[in-house]
Structure formats: C-alpha cells, structure tokens
Amino acid sequence: MTITGEPQNLSKALGDTNWKLAMDAEHEALVKNVTWHLVPPDGVHNVKDRRWVYKIKRKTDGTLDRYKARLVAKGFKQQYDIDYEDTFS
C-alpha cells in the first residue's frame with residue numbers, strides 16, 4: 001500500500017475486502033454495459049494486456065467517499081501496421 005492507502009498491485013488489492021468489492025463492482029459494470037468480452041488469442045491479432053488502477057475517492061471535507069477500481073488496457077503495446085491507429089480507453 002502507498003501512503004494514500006491505494007494498492008500498487010493486484011495481490012495487495014485482493015488482500016483487502018474494500019478493494020475486492022470495488023473490483024467486483026467494476027467488473028459487473030463492464031459486463032452490464034457490454035464494454036468488452038473475453039476471447040481466446042488466435043495468434044493473428046495483437047492481444048492487449050490490462051491492469052487494475054486503484055483510487056480512493058474522498059468527499060470535499062476529506063472523508064472517505066468510496067474505493068474506485070478501474071480495469072484499463074495497456075495501449076502502449078500497440079504495434080505499427082497492426083493496431084497503431086486504434087484507440088483504447
């Protein structure tokens with residue numbers, strides 16, 4: 001954990017119930033909104049890696065509002081002439 005209480009990696013986040021619930025909520029939102037779907041690699045397409053980003057959201061008075069977890073694509077693994085012009089968010 002950092003000074004802010006935000007984990008730096010998945011294993012540390014999974015050790016805390018609050019972060020696990022935040023990741024579950026993010027996953028449910030992604031599935032509900034049909035944001036992505038899991039497919040097996042086919043050897044032809046460049047598979048994007050992903051990572052979890054954690055942030056503690058605070059109210060204006062500084063008290064804890066909620067734990068926020070986001071699943072983001074690692075766009076820096078794009079390859080020229082394959083998916084270099086594609087945008088991932």
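Helices (H or I, at least four residues) and strands (E, at least two) are DSSP runs, numbered from the N terminus. The model on screen is predicted, so local features need pLDDT of at least 70 and side-chain atom pairs count only at pLDDT 80 or more, while totals for chains, interfaces and linings use all residues. Residues are numbered from 1 along each chain as its sequence is written, and side-chain values use heavy atoms, with hydrogens and water left out.

Next, select residues 50-58 and 64-73, which are strands β1 and β2, paired in the antiparallel sense over nine bridges; two strands are taken to pair if DSSP finds at least two bridges between them. In the hairpin that these strands form, with five residues between them, look for G62, which takes a positive phi near 95 degrees.

Stay on the strands and select I56, which stands opposite Y67 in β2. Leaving aside neighbours within four places in sequence, I56 is in contact (heavy atoms within 4.5 Å) with T4, G5, E6, W19, L64, R66 and Y67.

I56 also belongs to the largest nonpolar core, whose eight residues are A13, W19, A22, M23, W52, Y54, I56 and A69. Such a core is a set of buried Ala, Val, Leu, Ile, Met, Phe, Trp, Tyr and Cys residues joined through side-chain atoms within 4.5 Å.

Now move to E26 in helix α2, which spans residues 17-32. E26 is buried, with a relative accessible area of 13%, and, not counting residues up to four places away in sequence, E26 touches W52, K68, A69, R70 and L71.

For the last stop, select Q8, N9, L10, R50, R51, W52, Y54 and L71, the lining of the second largest pocket. On a 1 Å grid over the protein atoms alone, a pocket is an open set of points where a 1.4 Å probe fits, with protein on both sides within 12 Å along at least five of seven lines, and lining residues have an atom within 4 Å of a point. The largest share of this lining, four residues, comes from β1.

Technical notes. Buried < 20%, exposed > 50% of the residue type's maximum accessible area, 1.4 Å probe, protein only.
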